[in-house]
Amino acid sequence: MEGDDEPSGKMIDEEIYANGVGEEEKRKRPIISGEQLDIEAYASLYTGRTKITRLLFIAEHCQNNQAMQLEALRMAYDEIKKGENTQLFREVVQKIDGRLGPDYSMDSAWCDTVDRRAEQKKEKLENELNAYRTNLIKESIRMGYNDFGDFYYAHGALGDAFKHYVRTRDYCTTSKHIIHMCMSAILVSIEMGQFTHVTSYVSKAEQSQDALDAIIIAKLRCAAGLALLEAKKYKLAARKFLETSPELGNNYNEVIAPQDVATYGGLCALASFDRTELKNKVIDNLNFRNFLELVPEVRELINDFYSSRYASCLDYLGNLKANLLLDVHLHDHVDTLYDQIRNKALIQYTHPFVSVDLQMMANAFKTSISGLQKELEALITDNQIQARIDSHNKILYARHADQRNATFQRVLQTGGEFDRDVRSMLLRANLIKHDFNLRASSRKL
């Protein structure tokens with residue numbers, strides 16, 4: 001927080017304020033994400049179990065919007081009937097509770113047919129696996145356990161699926177087999193919310209470098225990013241998402257969509273990166289730019305934040321929030337990330353100034369002076385902003401260190417250290433010159 005004098009600080013303040021509000025008013029950019037989430041378009045980004053999980057999550061968190069809740073349940077019902085998970089089907093029917101009419105009621109005949117077919121398939125898989133064990137054919141045993149894992153995963157028994165996928169490890173004969181085992185274990189672990197397992201199997205997969213292609217590496221980066229996000233290690237999570245290559249495309253839709261990579265990576269970077277990192281690793285990152293193009297709102301808010309257009313940036317964040325709270329992986333972190341981003345914006349806003357008019361700053365951040373003052377007090381107390389507040393005149397004054405005094409102190413300290421080192425060397429030289437150590441050891445003998 002450096003400046004030449006008070007008036008110049010206020011001039012810069014007025015300029016930044018103009019950029020923060022006036023420029024945004026001039027451009028009048030539409031904020032698309034302010035609209036209600038298009039559930040059908042959102043669900044189309046995913047496949048498999050995660051599609052159902054995300055739809056049920058939306059339904060659970062839209063209690064105040066019955067139309068949205070029923071739409072999510074309707075789509076989940078249709079998706080489940082394409083698979084074999086009768087337990088999940090019964091749960092969804094119970095949640096629908098007849099509100100969607102007779103077409104979305106309990107289908108006992110379908111459940112009985114699927115369960116009967118499942119019993120037959122399970123018996124067949126058991127017989128095949130026993131035969132493979134008897135013949136001691138490692139590849140066949142591996143395939144048998146893998147088929148069992150797929151069977152349990154399809155029927156929603158995630159714990160059993162994980163156990164059988166992991167058992168294939170003892171029968172893997174190539175690096176590709178190990179990669180396949182790790183990817184299956186990671187998929188189930190993410191579904192179960194066991195992110196410590198995710199981290200472990202990502203590391204194990206990365207050790208088989210010869211079998212890794214660009215798509216597998218991108219998938220591993222995403223899985224690692226999700227685990228770090230869950231652990232609230234936002235900076236490390238941001239790095240993983242930023243390292244994800246565009247080759248990911250739609251190849252990991254059973255876990256994450258490319259739009260999620262942009263959103264998760266962008267918000268984690270905003271909350272944890274400094275200005276230089278934001279420029280070099282996000283804005284100038286050609287690979288990540290491909291993801292950002294899929295979510296223009298996140299791209300714009302990152303650019304607005306870096307360009308100090310805080311009013312526009314906060315508008316984008318505010319309009320994105322409702323939809324982000326419906327994201328199965330991000331919802332628990334939205335408030336924390338938003339607080340960190342806002343605090344960084346406040347710090348960045350005050351950094352170049354000798355003084356800041358709180359009224360102008362409050363307008364830039366679309367808040368009241370009293371609310372802004374409380375936020376600044378918390379940051380000052382936490383030693384994140386070196387400043388003091390003139391409550392009467394509503395001005396924030398920077399506390400500047402006395403550079404001249406600090407320089408003299410460093411010189412004196414350096415001189416003292418040099419004097420001590422020279423005296424120590426002279427003492428050592430005299431001790432060696434007079435054979436002090438030798439005579440002392442002789443007397444001892």
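Reply: A nonpolar core is here a set of buried Ala, Val, Leu, Ile, Met, Phe, Trp, Tyr and Cys residues joined through side-chain atoms within 4.5 Å. Buried means under 20% relative accessible area, exposed over 50%, and partly exposed in between, with a 1.4 Å probe and protein chains only. The model is predicted: local features need pLDDT of at least 70, side-chain atom pairs count only at pLDDT 80 or more, and totals for chains, interfaces and linings use all residues. Residues are numbered from 1 along each chain as its sequence is written, and side-chain values use heavy atoms, with hydrogens and water left out.

By these criteria, the largest nonpolar core comprises 99 residues. Those with the most contacts inside this core are I186, I190, Y252, I256, V282, I302 and F365. Helix α11 (residues 214-230) supplies the largest share of the core, namely 10 residues. Helices are DSSP runs of H or I with at least four residues, strands are runs of E with at least two, and both are numbered from the N terminus.

For I256, contact means heavy atoms within 4.5 Å. When neighbours within four places in sequence are left aside, I256 is in contact with Y46, C222, L226, F241, V261 and Y264. Another core, of 30 residues, lies apart from the largest one, and Y46, C62, F89 and Y104 are among its members.

As for the setting, the protein has 22 helices and three strands. Of its 445 residues, 44% are buried. Among contacts between residues at least 6 apart in sequence, 64% join residues at least 24 apart.
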